[in-house]
Amino acid sequence: MSLVTRREGRTKLPPEQPSIPQRRGGTGAYWMYLLPGFVLLLIVVIVPLVWNVYLTFTRWRGVRSPEFIGLENWQKILGDGDFWTSFTNSVWMIIAMVVVPTILGLIVAALLFDVVGRKFGGKVGSFLRATYYLPQILPIAVAGIVIGWIVRPGSDGALNQMLGWFGIPAYDWLGQMPSALIVLMVVMVWVQLGYPVVVFMAALQRVDPELYEAAELDGANWFQRFSAITMSIIRPEIFVVTLTCTIAALKVFGPVYIITRGGPAGSTLVPAYYAYQEFFTKRNVGYGATIATVLTIVVVIVSIIFIRVQNSLERKERAGL
Amino acid sequence: MHATTAIITGKPGRTRARGGMTKKRPVDWLMLALVVIGALLVVAPFYLVLVNSFKSPVDYATSGPLALPETLDFGGIITFWERVNFPEKVWNSIFISGIVAVLAVVISMLNAFAIGIGRVRGRSWIVLLFLMANLLPQEALLYPLYYMFKSVGLYDNVWSVIIVFTVVQAAFGTYLLSSVYGTFPKEVLEAASLDGASRWQILWRVVFPISRPTLSVLLIFFFIWTWNEFLIPLTFLASNANQTVPVAISVLQGDRLMDVTTTSASALLGVIPTLIFFLIFQRTLTRGITAGAVK
């Protein structure tokens with residue numbers, strides 16, 4: 001998951017005119033500077049991407065040459081229960097990585113900024129902000145190991161030991177159907193929460209305190225002020241957070257690989273892990289490529305929808321002003 | 001506005017917000033308590049890992065996961081340290097992430113120079129094209145890349161990972177820097193041009209020094225993002241000697257011989273480098289996260 005705020009679709013580049021007086025070659029000479037980046041992009045992204053799409057029409061075990069089979073993989077994927085499970089789990093991942101962290105993040109950021117920052121001092125506020133952010137810089141693999149260790153089955157697992165004090169018998173958290181997915185979701189909430197908190201707190205600095213004071217004099221309570229003033233001002237940040245986190249949720253791989261390996265019985269399978277399994281465990285390269293391609297299409301569609309909605313909301317806002 | 005600024009910088013004495021810091025209602029204490037409890041829940045796993053890494057297995061079995069260790073036992077840490085040859089893994093991670101960070105910043109700068117300052121034709125599409133590297137699921141590139149690296153002998157070589165992540169990180173760098181360079185002060189560029197500076201000189205003598213703060217934020221982010229990556233290193237670095245810290249730790253997870261405290265120690269050793277970055281770069285990190293928000 002990347003941390004920097006991205007604002008796709010919001011960058012308006014100035015008109016196509018070189019800002020430096022041109023002596024020779026005009027803007028054409030600048031193409032030279034794009035060359036190294038473009039060559040690398042071609043090798044690492046464009047060629048593999050096209051190749052991957054080609055592979056969806058083949059049967060290939062990674063040795064000898066791919067055998068062209070037309071739409072067979074695409075027909076198979078439609079009737080593949082595991083594939084549909086993996087996309088249903090993507091929805092759970094979106095709840096755990098987007099919906100819950102955004103809502104909790106709004107609450108925490110508002111409390112830290114409005115209450116803690118104002119009444120108890122900025123130092124307390126930024127210390128707590130840093131605490132919430134900590135899991136974000138942890139390698140996702142290590143975060144998975146930390147949690148995997150805590151929920152170890154049997155009575156030597158930390159969680160089971162603690163529950164034992166209350167007389168609750170040891171439970172195999174990762175071995176049962178709903179609890180494995182729940183553990184995965186809790187991990188993702190834990191990992192993701194700090195990102196919206198930090199972004200929203202930065203956004204809250206844009207809110208003019210005088211607006212708040214005016215609303216307060218008019219008798220608006222804290223919640224009314226928050227929903228009317230704060231929410232409308234930090235809306236761009238909410239968009240950025242939901243877009244980047246949704247993409248990350250669709251692409252999630254590390255925690256699934258480490259904590260559950262898709263199990264038990266495929267109940268925590270996600271598309272990225274499913275594709276990986278087909279590539280390297282089952283050696284069905286063509287089918288793995290098909291899953292990866294569907295995932296790519298979904299990511300692209302989601303990004304386009306987000307950017308469209310954001311742009312139209314911005315236009316409406318401008319028209320309203 | 002001053003009140004807000006003071007809150008952010010957190011300077012004592014200037015933090016008195018308009019409402020007055022001293023007037024604390026019971027509700028405020030309740031809110032503080034809620035946020036603190038949340039924060040404690042967030043750090044609880046770190047506490048568990050830290051405490052249990054220094055216990056002997058017997059101590060863990062008798063005192064449970066929450067208690068402090070009775071005596072400091074380095075057994076788990078030593079076992080893990082030796083089993084994965086931890087210094088080697090740290091060095092691999094530093095080498096890969098460091099080279100990626102530098103190369104990706106250079107490529108981003110070259111791209112952004114052409115897009116943001118040179119204003120080449122169709123630049124919005126070019127930015128989008130580059131951004132693909134960052135946006136697309138890595139699985140969609142994984143097998144072809146795996147096959148390509150195998151056929152040119154770069155498989156199981158740290159340079160395969162370096163090449164891939166240079167492109168992935170530079171994609172984001174190109175996007176961010178292009179909009180930063182798009183607002184680069186025109187007068188400075190014109191003055192340099194009138195003084196007879198070539199484009200190459202303008203890039204290195206004018207644009208590079210002025211944008212150094214942004215570049216350093218990018219450098220740190222690229223380093224940390226690359227350090228944290230998992231799928232590509234897992235796939236391309238098969239042999240033990242080439243693995244990065246996250247991969248080496250995860251590979252050992254399936255090992256049935258690892259006792260509870262050794263597993264905890266492995267998590268601790270994975271967390272420590274990250275904690276060090278965090279303490280050093282805390283300010284840069286928060287600056288970087290909001291970098292996109294700064295026009």
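Predicted model: local features only at pLDDT ≥ 70, side-chain atom pairs only at ≥ 80, totals over all residues.
I started in helix 3 (residues 81-120) of chain A, where Arg118(A) and Asp114(A) both sit, four residues apart, about one turn of the helix. Helices here are DSSP runs of H or I with at least four residues, strands are runs of E with at least two, and both are numbered from the N terminus.

Residues are numbered from 1 along each chain as its sequence is written, chains are lettered from A and ligands numbered from 1 in the order in which they are written, and side-chain values use heavy atoms, without hydrogens and water.

**Salt bridges within chain A**

I looked up the Arg118(A) and Asp114(A) side chains, and they form a salt bridge at 3.9 Å, N to O. The rule wants a side-chain nitrogen of Lys or Arg within 4 Å of a carboxyl oxygen of Asp or Glu. Asp114(A) is buried, with a relative accessible area of 12%. For that I use under 20% relative accessible area as buried, over 50% as exposed and in between as partly exposed (1.4 Å probe, protein chains only).

How many salt bridges are there over all chains? I get nine by this rule. One of them joins Glu72(A) to Arg59(A) at 2.8 Å, N to O. That pair links distant parts of the chain: Glu72(A) is in helix 2 (residues 72-78) of chain A and Arg59(A) in strand 1 (residues 58-59), 13 residues apart. Glu72(A) is partly exposed at 39% relative accessibility, and Arg59(A) is partly exposed too, at 40%.

Next I checked Lys282(A) and Glu278(A), whose side chains meet in a salt bridge at 3.1 Å, N to O. Lys282(A) is partly exposed at 37%, whereas Glu278(A) is buried at 2%. I also found a network: Arg59(A), Glu67(A) and Glu72(A) are joined by salt bridges that share partners.

**Chain A against chain B**

The contact (heavy atoms within 4.5 Å) takes 114 residues from chain A and 120 residues from chain B. Together the chains bury about 10700 Å², with 74% of it on carbon and sulfur atoms. On the chain A side, Tyr33(A), Lys119(A) and Trp149(A) lose the most area to chain B, together 8% of what that side buries. Buried area is the accessible area (1.4 Å probe) that two parts lose on being put together, summed over both.

Which residues make the one salt bridge between the chains? I find Asp28(B) and Lys119(A), with their side chains at 3.2 Å, N to O. Helix 1 (residues 31-55) of chain A gives the largest share of the side of chain A that touches chain B, 17 residues.

**Chain A overall**

I count 14 helices and two strands in chain A. The C-alpha atoms of chain A fill a box of roughly 80 × 75 × 30 Å along the principal axes. Of the 321 residues in chain A, 55% are buried.

Asn85(B) follows helix 4 with a positive phi near 50°.

Then I went to Asn242(B), in the loop between helix 12 (231-236) and helix 13 (245-253) of chain B. Asn242(B) is buried at 19%. A polar atom of the Asn242(B) side chain lies 2.7 Å from the backbone oxygen of Asp156(B). Beyond its neighbours within four places in sequence, Asn242(B) is in contact with residues including Asn92(B), Asn157(B) and Leu237(B).

Is the peptide bond from Gly263(A) to Pro264(A) cis or trans? I read it as cis, with omega near -5°. Pro264(A) is in the loop between helix 12 (254-260) and helix 13 (271-280) of chain A. Ala265(A) is in the loop between helix 12 and helix 13 of chain A, has a positive phi near 50° and is exposed at 76%. Arg64(A), in the loop between strand 1 and strand 2 (67-68) of chain A, has a positive phi of about 50° although it is not a glycine. Arg64(A) is exposed at 76%.

Terms used
Polar contact = N/O pair within 3.5 Å; in protein donor to acceptor, adjacent residues only side chain to side chain.
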